[in-house]
Amino acid sequence: MAKEELMRKLEERIKNCQKCPLGQLRTNAVPGAGSYEARVMFVGEAPGYWEDQKGLPFVGRAGKVLDELLAGIGLSRDEVYITNIVKCRPPENRDPTEDEIRACSPYLDRQIDIIRPKVIVPLGRHSMRYILEKFGFDPEPISKIHGKTFEAHTLFGKIVIMPMYHPAAALYRPPIREELRKDFAKLGEIINQSP
Ligand code: SF4
Ligand code: URA
């Protein structure tokens, strides 16, 4: 089956999923958005209020920060793929629980297998921890490893993982926004280097 068809089927399953209690609380599940041919995949944490309303990832204020960072290195949303570890909104935007991450992360695993990105950018510490552990690395404090690269070998080739701060963390903290800007600049270089 072509990527497009595989992804559409997966998105349909996510939209109807009731594998964890968040399924009962959502307005819309948020499978992800962007290009199925993307070389870069961004993985946030979980939908917030606006994402739940619209069924799309990063459409609130953190999304605006993300858009600016992308534009800063000449990328638009339709060239990348953006998703989250947990696809339905946790109440009051609390952190996703271990159980919710365990229930939902197989969808992310599948998205990675279908899209086969060259670079994965986990946004924030929950996503960083999940992605690094998935590929056999030890998580570390995000303040220490943001902007560093980890090379993982998968069945479909080499993948570079570059954890970054969550864009929401930059909303009220200019120093974090500056770190994000620098990490994005580095991401831009990596993308330009690889064929
Ligand atoms: Fe299913 Fe994930 Fe939504 Fe839970 S959060 S209901 S596992 S899609
Ligand atoms: N924060 C996230 O982690 N994901 C979204 O989609 C929006 C805000």
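Let's start with ligand 2. Eight names to find around this ligand: Gly 44, Glu 45, Ala 46, Glu 51, Pro 57, Phe 58, Asn 84 and His 166. A residue makes that list if one of its heavy atoms lies within 4 Å of the molecule.

Before going on, a word on the model. This is a predicted model, where local features need pLDDT of at least 70, side-chain atom pairs count only at pLDDT 80 or more, and totals for chains, interfaces and linings use all residues. Residues are numbered from 1 along each chain as its sequence is written, chains are lettered from A and ligands numbered from 1 in the order in which they are written, and side-chain values use heavy atoms, with hydrogens and water left out.

Back to the ligand. Which atoms of ligand 2 come within reach of His 166? An oxygen atom, 2.7 Å from a polar side-chain atom of His 166. The backbone takes part too. A polar backbone atom of Glu 45 sits 2.8 Å from an oxygen of ligand 2. For Ala 46, a polar backbone atom is 3.1 Å from a nitrogen of the ligand. On its own, ligand 2 has 240 Å² of accessible area, and the protein covers 91% of that. Such areas come from the Shrake-Rupley method with a 1.4 Å probe; for residues, only the protein chains shown count as cover.

Next, charges. Side chains of opposite charge can pair when their charged atoms come close. How many salt bridges does the structure hold? There are 15. The term means a side-chain nitrogen of Lys or Arg within 4 Å of a carboxyl oxygen of Asp or Glu.

Take Arg 177 and Glu 68. Their salt bridge spans 3.0 Å, N to O. It links distant parts of the chain: Arg 177 is in helix 8 (residues 174-193), Glu 68 in helix 4 (residues 61-72), and they are 109 residues apart. Helices here are DSSP runs (H or I, at least four residues), numbered from the N terminus. Lys 64 joins Glu 68 and Arg 177 in a network of salt bridges.

Buried or exposed? Arg 177 is partly exposed, because its relative accessibility is 30%. The cut-offs: buried is under 20% relative accessible area, exposed is over 50%, partly exposed is in between (1.4 Å probe, protein chains only).

Now Arg 129 and Glu 98. Their closest N and O atoms are 3.3 Å apart. Arg 129 belongs to helix 6 (residues 125-134), Glu 98 to helix 5 (residues 98-115).

One last pair: Lys 144 and Glu 140 form a salt bridge at 2.8 Å, N to O.

How values were computed
Helix = DSSP H or I, 4+ residues; strand = E, 2+ residues; numbered from the N terminus. Polar contact = N/O pair within 3.5 Å; in protein donor to acceptor, adjacent residues only side chain to side chain.
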